[in-house]
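Visitor: Could you give me a close look at a single part here, namely the packing? Take your time and keep it connected.

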Protein chains: 2
Amino acid sequence: MAVLEAAMALCRETGFAGLTIEAIAERAGVSKKTIYRWWPSKGAVLLEAVFDAAASIAPHGDTGDLARDMTAQMMGVVALLTPQDASPVAAIIVEAQRDAAIADALREQVIEPNIAHFEERMRSAQRAGEIPEDADLGAALDLFYGPIYHRLVFHLGLPDGDEMRARVDLVIAALRAMGSAQG
Amino acid sequence: MAVLEAAMALCRETGFAGLTIEAIAERAGVSKKTIYRWWPSKGAVLLEAVFDAAASIAPHGDTGDLARDMTAQMMGVVALLTPQDASPVAAIIVEAQRDAAIADALREQVIEPNIAHFEERMRSAQRAGEIPEDADLGAALDLFYGPIYHRLVFHLGLPDGDEMRARVDLVIAALRAMGSAQG
């Protein structure tokens, strides 16, 4: 849809601070009134655009190789956040720290569905014997995704493919070690 | 110092959005001109206050028990970020996403010294044989601290002491498993 594409393109060009409803309307060739009929704020427009992008770019695959699938999915997330200063997804995450409505929508529309897909992939790995039956999936979620956000928040540079794979291998080793230690 | 204490107290009461130089001056009993002589912005005042708080509340101890020390240090970080909506430290982290000068100062004055202390503690654990000599300390940093920021960013609720300890145990198990797998 033209409005969503215009919002994404403008955010990449000017950052979230430079994004305005007026600029979105002009780029999309519609009136400001049309935009306000459907979205309450520029954040709401961008959130919907980001929701579409996140759904199409970062799915959880299941090739039977958990380390490969998690590395691929999380490098898809990293791509959505790169470059950090011009990423509409990073902009929405920042906006969510200041706007509770954006935070709730982001969590309900993007994060919670992603967590559900993650848990599905982990249960498949449990059935396949790649990780123990009693692996703590809440801890696994934190350890898999944590490095991305630790680095994002403090501008430490997002992991490249090799670093991501090294972290994924560590987490899987941890889940196996704890399982066998307890079992 | 009165100005820093005033900034911290006001941030806890009104959040960063409600914090102003005028309110800080009034609470501290000084003129706005005095504040502007030493700090360029409300963010700069709060950053200095946060720097003092972070240094005193979340040191890296070394009791010889790595899991206990890391859990204690990170629960100190969690305390600095709690409650999230009224935490001056969380406010500075958000501000750093929009203000490159705050981001640089935060990284140089708080994050990088903390990473140096973390690495010192990890090398001590390597000498004591708690983790392998060749453990990847960059990955360890991401995995230890990642969960805090993943949860902070998406408002998933910060870990309590039991959850933190479970994650710390997982990371240490991972470092041991990878070391023995390679060694």
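Guide: Helices here are DSSP runs of H or I with at least four residues, strands are runs of E with at least two, and the numbering starts from the N terminus. Bear in mind that this is a predicted model. On that basis, chain A reads α-α-α-α-α-α-α-α-α along its sequence, with nine helices and zero strands. Its C-alpha trace spans about 60 × 30 × 30 Å along the principal axes.

Helix α1 of chain A covers residues 2-18, and α2 of chain A covers residues 21-28. They pack at an angle of about 120° with their axes 8 Å apart, which makes α1(A) oblique to α2(A). As for the hand, the crossing of α1(A) and α2(A) is right-handed. From α1(A), the contact uses Ala2(A), Val3(A), Ala6(A), Ala7(A), Ala9(A), Leu10(A) and Glu13(A). Facing them from α2(A) are Ala23(A), Ile24(A), Arg27(A) and Ala28(A). Sorted by class, that contact has nine nonpolar residues, no polar ones and two charged ones.

An unreviewed entry puts "domain: HTH cro/C1-type" at residues 17-38 of chain A. In the model, residues 17-38 of chain A are 77% helix and 0% strand, with the end C-alpha atoms 21 Å apart. UniProt, again from an unreviewed entry, also places a "DNA-binding region" at residues 20-39 of chain A. That span is 75% helix and 0% strand, and its end C-alpha atoms lie 13 Å apart.

Now jump along to the loop between α5 (66-80) and α6 (88-96) of chain A, where you'll find Pro83(A). Pro83(B) sits in the loop between α5 and α6 (88-96) of chain B.

Stay in chain B for another helix pair. Helix α5 (residues 66-80) of chain B packs with helix α7 (residues 100-127) of chain B at about 165°, the axes being 11 Å apart. With angles over 145 degrees counting as roughly antiparallel, α5(B) and α7(B) are therefore roughly antiparallel to each other. Their crossing is right-handed. On the α5(B) side the contact is made by Leu66(B), Asp69(B), Met70(B) and Gln73(B). The α7(B) side brings in Asn114(B), Phe118(B), Arg121(B), Met122(B) and Ala125(B). By class, the α5(B)-α7(B) contact comes to five nonpolar, two polar and two charged residues.

Aromatics deserve a word here. With ring centres within 6.5 Å as the rule for pairing, there are six aromatic pairs over all chains. Phe118(A) and Phe144(A) have ring centres 5.8 Å apart and planes at 75°, so this pair is edge-to-face. Phe118(A) is in helix α7 (residues 100-127) of chain A and Phe144(A) in helix α8 (residues 137-153) of chain A, so the pair ties together parts 26 residues apart in sequence.

That brings us to α8 and the meeting of the two chains. α8(A) packs with helix α8 (residues 137-153) of chain B at about 80°, with axes 6 Å apart. That makes α8(A) roughly perpendicular to α8(B). Chain A's contact residues are Leu141(A), Asp142(A), Leu143(A), Tyr145(A), Gly146(A), Pro147(A), Tyr149(A), His150(A), Arg151(A) and Val153(A). Chain B answers with Leu141(B), Asp142(B), Leu143(B), Tyr145(B), Gly146(B), Pro147(B), Tyr149(B), His150(B), Arg151(B) and Val153(B). By class, the α8(A)-α8(B) contact has 12 nonpolar, four polar and four charged residues.

Although His155(A) isn't a glycine, it has a positive phi of about 50°.

Note on methods. Residues are numbered from 1 along each chain as its sequence is written. Chains are lettered from A and ligands numbered from 1 in the order in which they are written. This is a predicted model: local features need pLDDT of at least 70, side-chain atom pairs count only at pLDDT 80 or more; totals for chains, interfaces and linings use all residues. Side-chain values use heavy atoms; hydrogens and water are left out. UniProt positions are given in the numbering used here, feature names are shortened, and annotations may be inferred rather than shown by experiment. Axes are lines fitted to C-alpha atoms, for helices over the stretch in contact, and angles run from 0 to 180 degrees between N-to-C directions. Angles under 35 degrees count as roughly parallel, over 145 as roughly antiparallel, 65 to 115 as roughly perpendicular and the rest as oblique. A crossing is left-handed if the near helix is turned anticlockwise from the far one by less than a right angle, and right-handed if clockwise. Contact means heavy atoms within 4.5 Å. Ala, Val, Leu, Ile, Met, Phe, Trp, Tyr, Cys and Pro count as nonpolar, Asp, Glu, Lys and Arg as charged, and the others, Gly among them, as polar. Rings of Phe, Tyr and Trp (its six-membered ring) pair if their centres lie within 6.5 Å; planes under 30 degrees apart count as stacked, over 60 as edge-to-face and the rest as tilted.
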